[in-house]
Amino acid sequence: MTVDSTAGAPKRASGTRRKRGPSRPGSVAAEPGLVQLLTPEGERIEHPDFSLETTPEELRPIYRDLVLVRRFDAEATALQRQGELGLWASLLGQEAAQVGSGRAMRPGDYAFPTYREHGVAWCKGVDPLNLLGMFRGVNHGGWDPNEKNFHLYTIVIGSQTLHATGYAMGITRDGSDDAVIAYFGDGASSQGDVSEAFTFASVYNAPVVFFCQNNQWAISEPTEKQTRVPLYQRASGFGFPGIRVDGNDVLACLAVTRWALDHARSGNGPVLVEAFTYRMGAHTTSDDPSRYRLSEELEEWRLKDPIERLKAHLARQGWADQEFLDSVEAESEQLARRVREGVRTMPDPSPRAIFEHVYAEGHALVDEERAEYEAYAASFADAEKGAR
(Lines give C-alpha, C1' and ligand atoms only; values in the text may rest on other atoms or scores of the structure.)
Protein backbone atom coordinates (compact mmCIF):
# COMPACT_ATOMS: atom_id res chain seq x y z
CA MET A 1 0.00 0.00 0.00
CA THR A 2 1.50 3.32 -1.04
CA VAL A 3 1.01 6.28 1.27
CA ASP A 4 1.17 9.62 -0.53
CA SER A 5 3.45 12.18 1.03
CA THR A 6 2.45 15.80 1.56
CA ALA A 7 6.00 16.96 0.83
CA GLY A 8 6.28 19.05 -2.29
CA ALA A 9 2.54 19.66 -2.59
CA PRO A 10 1.92 22.43 -5.14
CA LYS A 11 0.95 25.79 -3.75
CA ARG A 12 -2.17 27.64 -4.87
CA ALA A 13 -2.44 31.34 -5.45
CA SER A 14 -4.14 33.18 -2.62
CA GLY A 15 -7.90 33.42 -3.04
CA THR A 16 -8.19 30.68 -5.66
CA ARG A 17 -10.50 27.71 -5.20
CA ARG A 18 -9.26 24.17 -5.68
CA LYS A 19 -11.26 22.35 -8.32
CA ARG A 20 -13.36 19.52 -6.87
CA GLY A 21 -13.52 16.03 -8.32
CA PRO A 22 -12.82 14.92 -11.91
CA SER A 23 -12.29 17.60 -14.54
CA ARG A 24 -15.39 16.58 -16.46
CA PRO A 25 -18.62 16.01 -14.47
CA GLY A 26 -19.69 12.38 -14.66
CA SER A 27 -16.54 11.31 -16.48
CA VAL A 28 -15.44 7.66 -16.48
CA ALA A 29 -11.86 8.36 -15.41
CA ALA A 30 -11.35 8.73 -11.68
CA GLU A 31 -9.32 11.54 -10.16
CA PRO A 32 -5.68 10.45 -9.66
CA GLY A 33 -5.30 8.79 -6.27
CA LEU A 34 -9.03 8.20 -5.94
CA VAL A 35 -10.02 4.54 -5.50
CA GLN A 36 -12.99 3.83 -7.74
CA LEU A 37 -14.61 0.53 -8.76
CA LEU A 38 -17.83 1.84 -10.27
CA THR A 39 -17.94 4.85 -12.56
CA PRO A 40 -20.75 7.42 -12.40
CA GLU A 41 -22.17 5.74 -15.50
CA GLY A 42 -22.36 2.39 -13.71
CA GLU A 43 -19.39 0.80 -15.50
CA ARG A 44 -17.41 -1.69 -13.39
CA ILE A 45 -13.66 -1.05 -13.36
CA GLU A 46 -10.77 -2.74 -11.58
CA HIS A 47 -8.26 -1.30 -9.14
CA PRO A 48 -4.82 -2.90 -8.65
CA ASP A 49 -4.93 -2.69 -4.85
CA PHE A 50 -8.60 -3.24 -4.09
CA SER A 51 -10.29 -6.15 -5.81
CA LEU A 52 -13.91 -7.00 -5.11
CA GLU A 53 -15.85 -10.00 -6.35
CA THR A 54 -19.54 -9.23 -6.61
CA THR A 55 -22.66 -11.28 -7.20
CA PRO A 56 -26.28 -10.25 -7.75
CA GLU A 57 -27.13 -11.79 -4.37
CA GLU A 58 -24.70 -9.36 -2.73
CA LEU A 59 -25.44 -6.23 -4.73
CA ARG A 60 -29.23 -6.28 -4.68
CA PRO A 61 -29.38 -5.99 -0.85
CA ILE A 62 -26.86 -3.13 -1.01
CA TYR A 63 -29.04 -1.32 -3.54
CA ARG A 64 -32.00 -1.88 -1.22
CA ASP A 65 -29.99 -0.38 1.67
CA LEU A 66 -29.21 2.74 -0.34
CA VAL A 67 -32.80 3.31 -1.43
CA LEU A 68 -34.35 2.71 2.00
CA VAL A 69 -31.80 4.88 3.79
CA ARG A 70 -32.41 7.76 1.39
CA ARG A 71 -36.19 7.43 1.72
CA PHE A 72 -35.99 7.39 5.50
CA ASP A 73 -33.75 10.45 5.41
CA ALA A 74 -36.17 12.33 3.14
CA GLU A 75 -39.08 11.49 5.44
CA ALA A 76 -37.14 12.74 8.46
CA THR A 77 -36.48 16.04 6.70
CA ALA A 78 -40.18 16.36 5.89
CA LEU A 79 -41.13 15.59 9.50
CA GLN A 80 -38.83 18.33 10.74
CA ARG A 81 -40.39 20.82 8.32
CA GLN A 82 -43.80 19.82 9.69
CA GLY A 83 -42.69 20.56 13.26
CA GLU A 84 -42.45 16.91 14.34
CA LEU A 85 -38.66 17.00 14.89
CA GLY A 86 -36.57 19.72 16.45
CA LEU A 87 -33.73 19.30 13.95
CA TRP A 88 -32.44 16.88 11.34
CA ALA A 89 -28.98 16.32 9.84
CA SER A 90 -29.51 14.86 6.38
CA LEU A 91 -27.14 12.35 4.78
CA LEU A 92 -28.38 13.03 1.23
CA GLY A 93 -25.53 12.26 -1.18
CA GLN A 94 -23.48 10.31 1.36
CA GLU A 95 -25.43 7.04 1.25
CA ALA A 96 -22.69 5.06 -0.52
CA ALA A 97 -19.98 6.08 1.94
CA GLN A 98 -22.12 5.01 4.88
CA VAL A 99 -23.67 1.84 3.49
CA GLY A 100 -20.42 0.69 1.87
CA SER A 101 -18.41 1.14 5.06
CA GLY A 102 -21.26 -0.15 7.23
CA ARG A 103 -21.53 -3.39 5.28
CA ALA A 104 -17.74 -3.84 5.43
CA MET A 105 -17.86 -4.35 9.19
CA ARG A 106 -17.94 -7.75 10.86
CA PRO A 107 -20.59 -8.28 13.57
CA GLY A 108 -18.05 -7.71 16.35
CA ASP A 109 -16.65 -4.49 14.91
CA TYR A 110 -17.67 -1.36 16.82
CA ALA A 111 -18.65 1.96 15.22
CA PHE A 112 -18.44 5.44 16.76
CA PRO A 113 -20.63 7.84 14.74
CA THR A 114 -21.21 11.56 14.59
CA TYR A 115 -24.85 12.71 14.31
CA ARG A 116 -25.24 12.01 10.57
CA GLU A 117 -24.45 8.29 10.27
CA HIS A 118 -28.02 7.17 9.68
CA GLY A 119 -26.88 4.75 6.97
CA VAL A 120 -24.34 3.11 9.27
CA ALA A 121 -27.00 2.88 11.98
CA TRP A 122 -29.22 1.08 9.46
CA CYS A 123 -26.44 -1.40 8.66
CA LYS A 124 -25.89 -2.05 12.38
CA GLY A 125 -29.56 -2.83 12.96
CA VAL A 126 -30.64 0.36 14.75
CA ASP A 127 -34.35 1.08 14.22
CA PRO A 128 -34.74 4.45 12.43
CA LEU A 129 -37.40 5.42 14.96
CA ASN A 130 -34.75 5.33 17.68
CA LEU A 131 -32.76 7.93 15.76
CA LEU A 132 -35.81 10.11 15.30
CA GLY A 133 -36.75 9.88 18.97
CA MET A 134 -33.53 11.67 19.80
CA PHE A 135 -34.15 14.45 17.27
CA ARG A 136 -37.71 14.74 18.57
CA GLY A 137 -36.37 15.10 22.10
CA VAL A 138 -38.14 12.13 23.68
CA ASN A 139 -35.07 9.94 24.29
CA HIS A 140 -31.29 10.06 24.33
CA GLY A 141 -30.83 7.61 21.47
CA GLY A 142 -32.90 4.67 22.55
CA TRP A 143 -30.61 1.82 21.50
CA ASP A 144 -28.16 -0.30 23.47
CA PRO A 145 -24.68 0.51 22.08
CA ASN A 146 -23.24 -2.80 23.24
CA GLU A 147 -26.06 -4.77 21.63
CA LYS A 148 -25.66 -3.05 18.26
CA ASN A 149 -21.90 -2.35 18.47
CA PHE A 150 -22.91 1.16 17.46
CA HIS A 151 -22.23 3.97 19.89
CA LEU A 152 -24.73 6.71 20.60
CA TYR A 153 -24.59 9.75 18.33
CA THR A 154 -21.92 12.28 19.29
CA ILE A 155 -22.77 15.95 18.91
CA VAL A 156 -19.43 17.35 20.13
CA ILE A 157 -17.40 17.65 16.95
CA GLY A 158 -14.52 15.18 16.75
CA SER A 159 -14.63 13.82 20.29
CA GLN A 160 -15.82 10.38 19.14
CA THR A 161 -12.44 9.76 17.50
CA LEU A 162 -10.84 9.74 20.95
CA HIS A 163 -13.58 7.47 22.30
CA ALA A 164 -12.99 5.08 19.39
CA THR A 165 -9.24 5.07 19.90
CA GLY A 166 -9.58 4.34 23.61
CA TYR A 167 -12.04 1.54 22.90
CA ALA A 168 -9.68 0.09 20.27
CA MET A 169 -6.78 0.17 22.72
CA GLY A 170 -8.99 -1.62 25.24
CA ILE A 171 -10.08 -4.47 23.00
CA THR A 172 -6.44 -5.06 22.07
CA ARG A 173 -5.72 -5.71 25.73
CA ASP A 174 -8.73 -8.02 25.84
CA GLY A 175 -7.16 -10.10 23.07
CA SER A 176 -10.03 -9.43 20.65
CA ASP A 177 -9.61 -9.62 16.86
CA ASP A 178 -12.37 -7.07 16.30
CA ALA A 179 -11.73 -3.62 14.88
CA VAL A 180 -13.18 -0.16 15.48
CA ILE A 181 -14.30 2.51 13.02
CA ALA A 182 -14.64 6.19 13.87
CA TYR A 183 -16.70 8.45 11.62
CA PHE A 184 -16.09 12.17 11.30
CA GLY A 185 -16.37 14.93 8.72
CA ASP A 186 -13.93 17.20 6.95
CA GLY A 187 -14.76 20.01 9.37
CA ALA A 188 -13.95 17.82 12.36
CA SER A 189 -10.49 17.18 10.92
CA SER A 190 -9.53 20.64 12.18
CA GLN A 191 -10.37 19.74 15.77
CA GLY A 192 -7.55 18.98 18.18
CA ASP A 193 -9.36 15.85 19.36
CA VAL A 194 -8.89 14.27 15.94
CA SER A 195 -5.15 14.94 15.89
CA GLU A 196 -4.84 13.59 19.43
CA ALA A 197 -6.73 10.45 18.40
CA PHE A 198 -4.38 10.00 15.44
CA THR A 199 -1.37 10.27 17.75
CA PHE A 200 -2.64 7.80 20.34
CA ALA A 201 -3.85 5.32 17.71
CA SER A 202 -0.53 5.38 15.90
CA VAL A 203 1.71 5.17 18.96
CA TYR A 204 -0.35 2.38 20.55
CA ASN A 205 -0.99 0.58 17.24
CA ALA A 206 -4.73 0.63 17.92
CA PRO A 207 -7.02 -1.36 15.60
CA VAL A 208 -9.08 1.65 14.51
CA VAL A 209 -10.13 2.96 11.11
CA PHE A 210 -10.69 6.70 10.90
CA PHE A 211 -13.40 7.17 8.29
CA CYS A 212 -13.64 10.80 7.17
CA GLN A 213 -16.64 11.64 5.05
CA ASN A 214 -15.32 14.65 3.19
CA ASN A 215 -18.59 16.14 1.97
CA GLN A 216 -16.60 19.31 1.20
CA TRP A 217 -18.53 21.69 3.41
CA ALA A 218 -18.09 22.17 7.17
CA ILE A 219 -21.43 23.97 7.41
CA SER A 220 -20.52 26.95 5.19
CA GLU A 221 -16.73 26.51 5.16
CA PRO A 222 -15.29 24.67 2.13
CA THR A 223 -12.58 22.05 2.57
CA GLU A 224 -9.93 24.39 1.20
CA LYS A 225 -10.38 26.45 4.37
CA GLN A 226 -9.58 23.34 6.43
CA THR A 227 -6.45 22.01 4.73
CA ARG A 228 -3.81 22.76 2.10
CA VAL A 229 -3.47 19.10 1.10
CA PRO A 230 -5.99 16.28 0.57
CA LEU A 231 -7.15 15.08 3.96
CA TYR A 232 -6.01 11.47 3.51
CA GLN A 233 -2.40 12.65 3.22
CA ARG A 234 -2.46 13.78 6.84
CA ALA A 235 -2.14 10.15 7.91
CA SER A 236 1.47 9.96 6.71
CA GLY A 237 2.49 12.58 9.26
CA PHE A 238 1.20 10.31 12.03
CA GLY A 239 2.81 7.18 10.62
CA PHE A 240 -0.09 5.20 9.19
CA PRO A 241 -1.72 4.71 5.76
CA GLY A 242 -4.20 7.14 4.24
CA ILE A 243 -6.50 6.28 1.36
CA ARG A 244 -8.88 8.45 -0.66
CA VAL A 245 -11.92 6.63 -2.02
CA ASP A 246 -14.78 7.75 -4.24
CA GLY A 247 -17.41 8.28 -1.55
CA ASN A 248 -20.24 8.01 -4.09
CA ASP A 249 -19.09 4.55 -5.16
CA VAL A 250 -20.56 2.01 -2.75
CA LEU A 251 -18.39 -0.82 -4.09
CA ALA A 252 -15.16 1.13 -3.62
CA CYS A 253 -16.21 2.18 -0.11
CA LEU A 254 -16.99 -1.46 0.71
CA ALA A 255 -13.67 -2.76 -0.63
CA VAL A 256 -11.47 -0.05 0.91
CA THR A 257 -13.14 -0.16 4.33
CA ARG A 258 -13.00 -3.95 4.41
CA TRP A 259 -9.28 -3.80 3.66
CA ALA A 260 -8.72 -1.07 6.26
CA LEU A 261 -10.57 -2.97 9.00
CA ASP A 262 -8.65 -6.16 8.23
CA HIS A 263 -5.39 -4.22 8.22
CA ALA A 264 -6.22 -2.78 11.63
CA ARG A 265 -7.46 -6.02 13.22
CA SER A 266 -4.33 -7.85 12.03
CA GLY A 267 -2.11 -5.78 14.31
CA ASN A 268 -0.93 -3.32 11.68
CA GLY A 269 -2.38 -0.24 13.35
CA PRO A 270 -4.77 2.47 12.21
CA VAL A 271 -5.85 3.60 8.74
CA LEU A 272 -7.35 6.88 7.57
CA VAL A 273 -9.99 6.58 4.86
CA GLU A 274 -11.15 9.77 3.20
CA ALA A 275 -14.45 9.19 1.42
CA PHE A 276 -14.57 11.99 -1.14
CA THR A 277 -18.27 12.75 -1.46
CA TYR A 278 -20.68 15.68 -1.39
CA ARG A 279 -23.39 16.88 0.94
CA MET A 280 -26.33 17.40 -1.44
CA GLY A 281 -28.57 18.99 1.16
CA ALA A 282 -28.17 21.41 4.03
CA HIS A 283 -25.79 20.86 6.93
CA THR A 284 -28.90 20.54 9.09
CA THR A 285 -32.46 21.73 8.65
CA SER A 286 -31.46 25.03 10.28
CA ASP A 287 -29.05 25.75 7.42
CA ASP A 288 -29.53 27.34 3.98
CA PRO A 289 -26.75 26.11 1.65
CA SER A 290 -27.88 28.36 -1.21
CA ARG A 291 -26.27 31.25 0.69
CA TYR A 292 -22.73 29.90 0.34
CA ARG A 293 -22.40 27.47 -2.57
CA LEU A 294 -23.10 27.53 -6.29
CA SER A 295 -25.93 25.65 -7.98
CA GLU A 296 -23.50 24.55 -10.71
CA GLU A 297 -21.53 22.61 -8.11
CA LEU A 298 -24.68 20.84 -6.96
CA GLU A 299 -25.60 19.90 -10.53
CA GLU A 300 -22.11 18.48 -11.16
CA TRP A 301 -22.50 16.13 -8.21
CA ARG A 302 -26.01 15.05 -9.22
CA LEU A 303 -24.33 13.23 -12.12
CA LYS A 304 -22.38 11.14 -9.59
CA ASP A 305 -25.41 10.01 -7.58
CA PRO A 306 -24.52 6.82 -5.64
CA ILE A 307 -27.91 5.14 -6.10
CA GLU A 308 -28.21 5.82 -9.82
CA ARG A 309 -24.74 4.48 -10.56
CA LEU A 310 -25.40 1.18 -8.75
CA LYS A 311 -28.80 0.95 -10.41
CA ALA A 312 -27.12 1.45 -13.81
CA HIS A 313 -24.57 -1.25 -12.98
CA LEU A 314 -27.29 -3.73 -11.99
CA ALA A 315 -29.09 -2.99 -15.24
CA ARG A 316 -25.89 -3.44 -17.28
CA GLN A 317 -25.35 -6.85 -15.69
CA GLY A 318 -28.97 -7.89 -15.97
CA TRP A 319 -29.07 -8.39 -12.19
CA ALA A 320 -32.15 -6.30 -11.41
CA ASP A 321 -35.42 -6.31 -13.33
CA GLN A 322 -38.29 -3.85 -13.01
CA GLU A 323 -40.10 -6.11 -10.57
CA PHE A 324 -37.16 -5.97 -8.16
CA LEU A 325 -36.82 -2.19 -8.49
CA ASP A 326 -40.55 -1.72 -7.90
CA SER A 327 -40.47 -3.97 -4.85
CA VAL A 328 -37.65 -1.91 -3.30
CA GLU A 329 -39.54 1.29 -4.01
CA ALA A 330 -42.69 -0.12 -2.41
CA GLU A 331 -40.70 -1.21 0.64
CA SER A 332 -39.20 2.26 0.95
CA GLU A 333 -42.68 3.79 1.01
CA GLN A 334 -43.73 1.31 3.70
CA LEU A 335 -40.71 2.36 5.76
CA ALA A 336 -41.58 6.03 5.32
CA ARG A 337 -45.14 5.38 6.43
CA ARG A 338 -43.98 3.46 9.51
CA VAL A 339 -41.57 6.23 10.40
CA ARG A 340 -44.18 8.94 9.89
CA GLU A 341 -46.78 7.20 12.03
CA GLY A 342 -44.24 6.15 14.64
CA VAL A 343 -42.88 9.64 15.18
CA ARG A 344 -46.30 11.21 15.55
CA THR A 345 -47.35 8.67 18.17
CA MET A 346 -44.17 8.77 20.28
CA PRO A 347 -45.09 9.39 23.93
CA ASP A 348 -43.49 12.33 25.67
CA PRO A 349 -41.14 11.29 28.47
CA SER A 350 -41.90 12.12 32.07
CA PRO A 351 -40.04 15.31 33.09
CA ARG A 352 -38.72 13.35 36.09
CA ALA A 353 -36.96 10.87 33.79
CA ILE A 354 -34.03 13.25 33.43
CA PHE A 355 -32.97 12.40 37.00
CA GLU A 356 -33.17 8.63 36.66
CA HIS A 357 -29.98 7.70 34.79
CA VAL A 358 -27.43 10.28 35.86
CA TYR A 359 -25.64 7.80 38.14
CA ALA A 360 -25.85 4.02 38.39
CA GLU A 361 -26.81 4.36 42.05
CA GLY A 362 -28.45 7.05 44.17
CA HIS A 363 -26.69 10.38 44.59
CA ALA A 364 -27.43 13.00 47.22
CA LEU A 365 -27.16 15.99 44.88
CA VAL A 366 -29.41 14.40 42.24
CA ASP A 367 -31.93 13.45 44.94
CA GLU A 368 -31.94 17.06 46.14
CA GLU A 369 -32.43 18.44 42.64
CA ARG A 370 -35.23 15.94 41.96
CA ALA A 371 -37.04 17.03 45.12
CA GLU A 372 -36.68 20.70 44.18
CA TYR A 373 -38.07 20.05 40.71
CA GLU A 374 -41.01 18.02 42.03
CA ALA A 375 -41.89 20.82 44.48
CA TYR A 376 -41.66 23.34 41.64
CA ALA A 377 -43.89 21.24 39.35
CA ALA A 378 -46.40 20.67 42.16
CA SER A 379 -46.73 24.45 42.68
CA PHE A 380 -48.41 24.77 39.29
CA ALA A 381 -50.99 22.14 40.22
CA ASP A 382 -51.65 23.94 43.51
CA ALA A 383 -52.04 27.27 41.72
CA GLU A 384 -54.46 25.77 39.21
CA LYS A 385 -56.48 24.15 41.98
CA GLY A 386 -56.69 27.47 43.86
CA ALA A 387 -57.94 29.27 40.75
CA ARG A 388 -60.98 27.03 40.42
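On a 1 Å grid over the protein atoms alone, a cavity is a set of points where a 1.4 Å probe fits but cannot get out, while a pocket is an open set with protein on both sides within 12 Å along at least five of seven lines; lining residues have an atom within 4 Å of a point. Grid points are joined across faces, edges and corners, and a volume is the space filled by probe spheres set on the points.

This is a predicted model, in which local features need pLDDT of at least 70 and side-chain atom pairs count only at pLDDT 80 or more, whereas totals for chains, interfaces and linings use all residues. Residues are numbered from 1 along each chain as its sequence is written, and side-chain values use heavy atoms, with hydrogens and water left out.

The whole structure holds 3 cavities of 30 Å³ or more. Phe184, Ser189, Phe198, Cys212, Leu231, Arg234 and Leu272 line the second largest cavity.

The second largest pocket has 22 lining residues, and Tyr115, Ile157, Gly185, Ala188 and His283 lie nearest its centre. Strands β3 (180–185) and β5 (217–218) each supply at least two residues of this lining; strands (E, at least two residues) and helices (H or I, at least four) are DSSP runs numbered from the N terminus.

| Space | Volume | Lining by class |
|---|---|---|
| Second largest cavity | about 50 Å³ | 5 nonpolar, 1 polar, 1 charged |
| Second largest pocket | about 330 Å³ | 8 nonpolar, 11 polar, 3 charged |

Ala, Val, Leu, Ile, Met, Phe, Trp, Tyr, Cys and Pro count as nonpolar, Asp, Glu, Lys and Arg as charged, and the others, Gly among them, as polar.

Helix α2 (residues 95–104) is largely enclosed by the rest of the structure, because 9 of its 10 residues are buried (under 20% relative accessible area, with a 1.4 Å probe and protein chains only). The buried residues of α2 include Glu95, Gln98 and Ser101.

Technical notes:
Buried means under 20% relative accessible area, exposed over 50%, partly exposed in between (1.4 Å probe, protein chains only).
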